[in-house]
Amino acid sequence: MVLVEEIDEDEQADTVSELKSLEEAPKKTSLNKGFLEKAKDKPLYGPDGSNEGKVDPNTHKAHTEQKLNKEMNEGMNRGAHENNGIERPPWYTKEWPKDCQYNSPGCHLEELETSGHKTDIHREMIRGNNRWKEALAPGQKTIRVCFSQATDEDLNEIIQALKGNEDVTELDVSHNHIKDGGVQALVAALAAGSAPNLQELRVYSNEFGSLGETMLTQGLPVFRKKLEVHWKEPSWANIARDGAEKAAAGYAAVAPPAA
């Protein structure tokens, strides 16, 4: 059985007229003409740019520390990349980590060289004089202990004076007996935030080696970008030293013999 519904002519006419009105009506879009020109007046992002692509400062720090550790390990010869070109011995264990510091004959696991005083009298001669005490007095903007025969042992006292010290802007420990161990302690203290306003560090003409140089030139600048480190003796110092030696030699040549 089929059901047939009759459609009223008036109702059919209304439907046709509605369809025609929809076809004749202009199509509306979400984009307005000239919207790109208007966007120039109001940038899409603020002055800081988009939040997308921003890296957390802690992530930057972690990558920097990882790179620093890698460079320092290579500089300290710990890890012995490719075993430093040395042929692997029969006892080399491949199951261990490759080029592990405990499994690589090319590694040199030696303690850092340090310096100290032979006796308490020598120590007191350095730290007991007025010049040393005045240099480490609170409120000093410049700590200058160059040419004082200071050792790593004395440097520890200077490091203690730098902790929380916001006054000092220049530190001069040049022309002393500071070795790699002392440089490591000083770099560690400055990297941890000691003497936050320090601008210049003079540490040349000491007894540190290539490892100390690596810490001063590659390690410290990572944490203290605004700190100017003078680790290499300036050229004028050699000229002054040569002139002093020649003057001393000339004086000895013309000086009368002792009675």
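**Exercise 1. Is S194 buried or exposed, and where does S194 lie?**

Solution. S194 is buried, with a relative accessible area of 7%. Here, buried means under 20% relative accessible area, exposed over 50%, and partly exposed in between, with a 1.4 Å probe and protein chains only. The residue S194 belongs to the loop between α7 and β3 (200–202). Helices (H or I, at least four residues) and strands (E, at least two) are DSSP runs, numbered from the N terminus. Leaving aside residues up to four places away in sequence, S194 touches L162, K163, A189 and R224. A contact means heavy atoms within 4.5 Å.

The model is predicted: local features need pLDDT of at least 70, side-chain atom pairs count only at pLDDT 80 or more, and totals for chains, interfaces and linings use all residues. Residues are numbered from 1 along each chain as its sequence is written, and side-chain values use heavy atoms, with hydrogens and water left out.

**Exercise 2. State how many helices and strands the protein has, and give their pattern along the sequence.**

Solution. The protein has 9 helices and 4 strands. Along the sequence they follow the pattern α-α-α-α-α-β-α-β-α-β-α-β-α. Of the 259 residues, 26% are buried. Among contacts with a separation of 6 or more, 70% join residues 24 or more positions apart.

**Exercise 3. Describe the sheet, its order and its edges.**

Solution. The 4 strands form an open sheet in the order β1-β2-β3-β4, with parallel pairing. Two strands pair if DSSP finds at least two bridges between them. The edge strands are β1 (142–144) and β4 (228–230), each of which pairs on one side only. Neighbouring strands are turned by 5° against each other on average, direction ignored.

**Exercise 4. Determine how α7 packs against α6 and against α8.**

Solution. Begin with α6 (residues 152–162) and α7 (residues 180–191), which pack at an angle of about 5° with their axes 9 Å apart. Axes are lines fitted to C-alpha atoms, for helices over the stretch in contact, and angles run from 0 to 180 degrees between N-to-C directions. The angle therefore makes α6 roughly parallel to α7. Angles under 35 degrees count as roughly parallel, over 145 as roughly antiparallel, 65 to 115 as roughly perpendicular and the rest as oblique. On the α6 side, the contact uses D152, L155, N156, I159 and L162, while α7 supplies G181, G182, A185, L186, A189 and L190. These residues divide into 7 nonpolar, 3 polar and 1 charged. In this scheme Ala, Val, Leu, Ile, Met, Phe, Trp, Tyr, Cys and Pro count as nonpolar, Asp, Glu, Lys and Arg as charged, and the others, Gly among them, as polar.

Next, the axes of α7 and α8 come within 10 Å and cross at roughly 5°. These two helices are therefore roughly parallel to each other. The contact joins D180, V183, Q184, V187, L190 and A191 of α7 to L211, G212, M215, L216, L220 and F223 of α8. Its residues divide into 9 nonpolar, 2 polar and 1 charged.

**Exercise 5. Which residues of the largest nonpolar core touch the most other members, and which element gives the most to this core?**

Solution. A nonpolar core is a set of buried Ala, Val, Leu, Ile, Met, Phe, Trp, Tyr and Cys residues joined through side-chain atoms within 4.5 Å. In soluble globular proteins, nonpolar side chains tend to be buried together. The largest core holds 33 residues, of which I158, L162, L171, L190 and L201 touch the most other members. The elements giving two or more residues are α3 (57–75), α5 (130–135), α6, α7 and α8 (210–223). Helix α7 gives the most, with 5 residues. Apart from residues up to four places away in sequence, L190 touches L162, A195, L198, L201, L220, R224 and L227.

**Exercise 6. Characterise the loop residues I178, F147 and S205.**

Solution. I178 lies in the loop between β2 and α7 and is buried, at 2% relative accessibility. The C-alpha atoms of I178 and T151 are 5.1 Å apart, although the two residues are 27 residues apart in sequence. F147, in the loop between β1 and α6, is exposed at 57% relative accessible area. Its phi is near 55°, a positive value in a residue other than glycine. S205, in the loop between β3 and α8, is partly exposed at 24%. The phi of S205 is also positive, about 60°, although S205 is not a glycine.
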